[in-house]
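Here is a short briefing to read alongside the sequence and the model. Please keep both open as you go through the points.

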Amino acid sequence: MSSAAEQETRAAQQAMRDGTPARPSATAVGHPVGHRPTAAAPRRDRTTAPAAGPAVLPGSPEPLGARPCRGPGGAWGTNFALWAGGAEAVDLCLFDDDGHELRCPLTELTHEVWHGFVPGVLPGRRYGYRVHGRWDPWMGARWNPAKLLLDPYARAVDGDFALPAEVYGHVRDWPQQHVADTVRDDRDSAPYVPKGVVIGDDAADGAPDEWTEDRRPKTPWAESVIYELHVRGFTMRHPGVEPELRGTYAGLAHPAAIEHLTRLGVTAVELLPVHQFAHEDHLLRRGLRNYWGYNSIGYFAPHAGYAAGGTRGQQVAEFRRMVRALHAAGIEVILDVVYNHTAEADELGPTLSLRGVDNRGYYRLQQDPRRYADFTGCGNTLNVLQPQVLRLITDSLRYWVTEMGVDGFRFDLASALARAAHGVDMLSPFLAVIAQDPVLRRVKLIAEPWDVGSGGYQVGAFPPLWAEWNDRYRDAVRDFWRGALPDARDLGYRLSGSSDLYERGGRRPYASVNFITAHDGFTLRDLVSYERKHNEANGEGNRDGSPDNRAWNCGAEGESDDPGIRALRRRQLRNLLATLLLSTGVPMLIAGDELGRTQGGNNNAYCQDNETGWLDWSLLEDPGWRALTELTARLIRLRRAHPVLRRPVFFSGLARPPEGLRDLAWFTPHGTEMTESDWYAPTTALGAYLSGRELPQPDPHGAPVTDDSFLALLHAGPRPVSFTLPGRPWARGYELLLDTAREEQDAPPGTLLAAGAPIELPERSVLLLRALTSVDLRQKTE
């Protein structure tokens with residue numbers, strides 16, 4: 001540390017001790033920079049004297065967390081174990097129903113784990129920790145026993161983070177903000193922070209053996225259709241869910257909620273974060289809340305705010321019942337997890353858990369250890385190179401699989417987890433541990449394959465076992481339908497499974513999670529109604545959210561009364577949904593897109609816990625939006641019925657005897673196969689022929705799989721074009737199955753089209769045709 005900085009920090013600390021006018025209402029003191037306590041007995045800094053706790057027996061360092069069990073002599077109690085590598089002492093703090101605190105020093109230390117068994121502490125008891133050690137922010141040491149800390153392994157959390165100044169380890173409102181994080185705040189935070197709750201293995205309404213493999217849906221990757229939803233927002237306005245259950249795990253488990261999912265035909269729900277999270281201080285000051293939940297602080301605890309039945313462990317049982325209900329309907333549960341950072345933010349953030357347990361152990365610090373390495377844009381990054389941090393993450397993942405029943409995970413900013421010492425590394429400790437873990441390697445693993453650091457964009461680079469959010473699919477499809485794609489090359493790759501990204505290393509087409517919209521960005525309806533973001537309600541001067549929306553408003557910004565514009569927008573929605581659900585790969589829908597949900601042009605509704613972020617179920621009363629929902633369900637049924645639309649193996653594009661048919665062939669409007677020059681030329685219309693003859697993946701008995709063959713025609717231009725349908729050997733005729741130019745999608749029975757003949761392809765439309773053989777034609781005409 002520089003001499004000037006040291007003098008400034010010491011002056012600030014001395015001002016706190018001397019009581020200058022600038023100091024806050026409560027005393028805050030700090031040790032001189034560079035001070036090292038003597039090697040005598042562990043030092044326990046003085047705070048408000050609590051009541052003495054019960055006797056603590058040695059207990060065990062395993063497992064970490066709070067686990068009820070029988071102690072010596074057979075008496076029931078709870079074993080507490082906390083990894084705090086550099087700490088000098090740890091106090092377990094127990095709270096009764098009136099909030100009175102009992103402190104129990106943990107005197108046993110085994111391999112950096114502080115532990116003890118407390119007789120008589122049973123499930124439902126609330127607790128936290130105070131961890132003692134040096135206050136030396138300039139060296140990354142930020143221990144402050146005045147701050148009650150949430151157990152990183154707490155399996156339930158009671159209460160919410162209000163984030164007053166008292167919960168900050170430093171003096172948050174210190175006048176000299178550039179040194180504020182170096183001045184320790186000794187005010188007690190216990191009255192302002194939630195507490196962990198002791199949970200028993202048998203207290204959560206369902207033993208872990210309920211999650212045996214034969215009770216899970218186990219939908220193969222290639223057959224998956226993912227539906228991204230928010231637990232709270234999905235049912236907050238659902239008329240079929242009782243008011244007291246709306247916005248909760250129980251609400252999502254309600255038959256009325258599940259009925260919509262089964263009617264659509266989706267195979268998995270991907271839940272926005274349900275780990276316990278905290279609201280950011282800047283949002284609370286503006287009267288807003290973190291709605292999405294990408295601000296985790298408890299990796300084992302279901303977020304208490306989504307529980308209908310209580311927060312003293314009831315949320316665990318309620319979550320498990322929700323998973324069982326979804327499984328019973330054949331729907332898998334995938335969690336969106338945020339292990340890349342925590343809610344403690346940067347050095348000016350609050351001290352809630354990991355920072356106060358061992359800041360240098362849990363977080364990646366810069367060369368200046370006072371500062372945090374930030375590859376996430378959220379102020380900090382977990383240090384997955386530290387074995388105990390890696391253990392925290394993998395223990396959490398296994399817990400959610402084996403004891404909570406979930407079927408997979410989508411990893412937010414996964415590149416941050418794949419970072420080794422010198423950048424993103426696909427042989428990093430995190431990816432290596434996942435690859436060999438006997439539990440985790442069997443569940444669905446989805447990477448958001450980027451972070452905000454240098455070299456963080458890694459689409460197509462993750463190893464086998466992993467699927468990825470494919471933003472190149474999103475961009476190409478958006479650009480095609482708004483008329484901004486320079487040529488057809490990128491679109492061809494995206495529609496056929498993105499082999500250019502995923503074929504290497506033995507990966508399959510289902511490594512590509514195809515999406516056009518997600519929680520972050522415009523809804524599908526807003527994508528065709530707005531070209532600019534409208535995030536004023538977020539209180540950040542419309543500076544937040546990406547300006548790169550690749551959107552087209554169809555002629556007017558925002559909602560319109562013009563019948564022509566409204567009709568065009570609905571047609572574009574049909575085009576986008578048809579493109580997504582007919583593409584090779586795993587489609588992902590965002591909840592409400594099938595209803596025509598709008599956020600009013602807000603493309604960053606992370607803080608809109610209100611009608612902006614919630615689904616509006618009244619849209620189903622509009623025949624137009626109801627028709628969109630029905631189209632979505634019809635497309636999913638079509639996909640499920642035809643394996644050629646959900647191939648588990650990439651297309652080869654090679655001609656096969658006896659007729660020389662390719663498994664995938666591309667056609668120009670002239671009815672000829674596309675040449676190399678056609679791929680490089682601008683185009684608004686093309687056709688994709690998907691052959692169902694002897695698909696490369698046999699059935700479970702080893703027998704060959706065959707299917708119908710299809711011709712998909714896509715036209716993004718503003719005027720109709722003549723498109724000549726391919727003749728022999730591709731087909732003897734065609735049957736029209738889908739025409740997005742039509743509001744109602746049921747084609748008249750017997751709609752047959754002649755092979756080799758031109759048809760008029762309507763402007764901005766998708767047509768799906770079934771290729772007919774001679775036998776098919778005879779049956780159709782008889």
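Helices (H or I, at least four residues) and strands (E, at least two) are DSSP runs, numbered from the N terminus. This is a predicted model, in which local features need pLDDT of at least 70, side-chain atom pairs count only at pLDDT 80 or more, and totals for chains, interfaces and linings use all residues. Residues are numbered from 1 along each chain as its sequence is written, and side-chain values use heavy atoms, with hydrogens and water left out.

**The annotated domain**

- UniProt, in an unreviewed entry, places the feature "domain: Glycosyl hydrolase family 13 catalytic" at residues 228–639; UniProt positions are given in the numbering used here, feature names are shortened, and annotations may be inferred rather than shown by experiment.
- Over residues 228–639 the chain is 34% helix and 11% strand, with 18 Å between the end C-alpha atoms.

- All 6 of the 6 residues of strand β17 (residues 332–337) are buried, so β17 is largely enclosed by the rest of the structure. Buried means under 20% relative accessible area, exposed over 50%, and partly exposed in between (1.4 Å probe, protein chains only).
- Glu-332, Ile-334 and Asp-336 point one way from β17, while Val-333, Leu-335 and Val-337 point the other way.
- Strand β14 (residues 268–271) runs parallel to β17 and is joined to it by 4 bridges, with Val-269 opposite Val-333. Two strands pair if DSSP finds at least two bridges between them.
- Strand β18 (residues 408–411) also pairs with β17 in the parallel sense, over 4 bridges; here Val-337 has Phe-411 as its bridge partner.

**Nonpolar cores**

- The largest nonpolar core has 165 residues, and Tyr-227 and Phe-411 have the most contacts inside it. Such a core is a set of buried Ala, Val, Leu, Ile, Met, Phe, Trp, Tyr and Cys residues joined through side-chain atoms within 4.5 Å.
- Helix α15 (residues 563–582) gives the most to this core, with 9 residues.
- Not counting residues up to four places away in sequence, Phe-411 touches residues including Val-337, Tyr-339, Leu-397, Phe-430 and Trp-466; contact means heavy atoms within 4.5 Å.
- A second, separate core of 19 residues includes Trp-221, Leu-413, Val-459 and Ala-511.

**A helix pair**

- The axes of helix α8 (residues 387–402) and helix α10 (residues 429–436) come within 11 Å and cross at roughly 35 degrees. Axes are lines fitted to C-alpha atoms, for helices over the stretch in contact, and angles run from 0 to 180 degrees between N-to-C directions.
- Leu-390, Ile-393, Thr-394 and Leu-397 in α8 meet Pro-429, Phe-430, Val-433 and Ile-434 in α10.

**Loop details worth a look**

- Leu-64 lies in the loop between β1 (51–52) and β2 and counts as buried at 7% relative accessibility. Its C-alpha atom is separated by 9.5 Å from that of Asp-395, 331 residues apart along the chain.
- In that loop between β1 and β2 is Pro-63, and the peptide bond from Glu-62 to Pro-63 is cis, with omega near -10 degrees.
- Ser-498 sits in the loop between α12 (489–495) and α13 (499–502); it has a positive phi of about 60 degrees although it is not a glycine, and at 0% relative accessibility it counts as buried.
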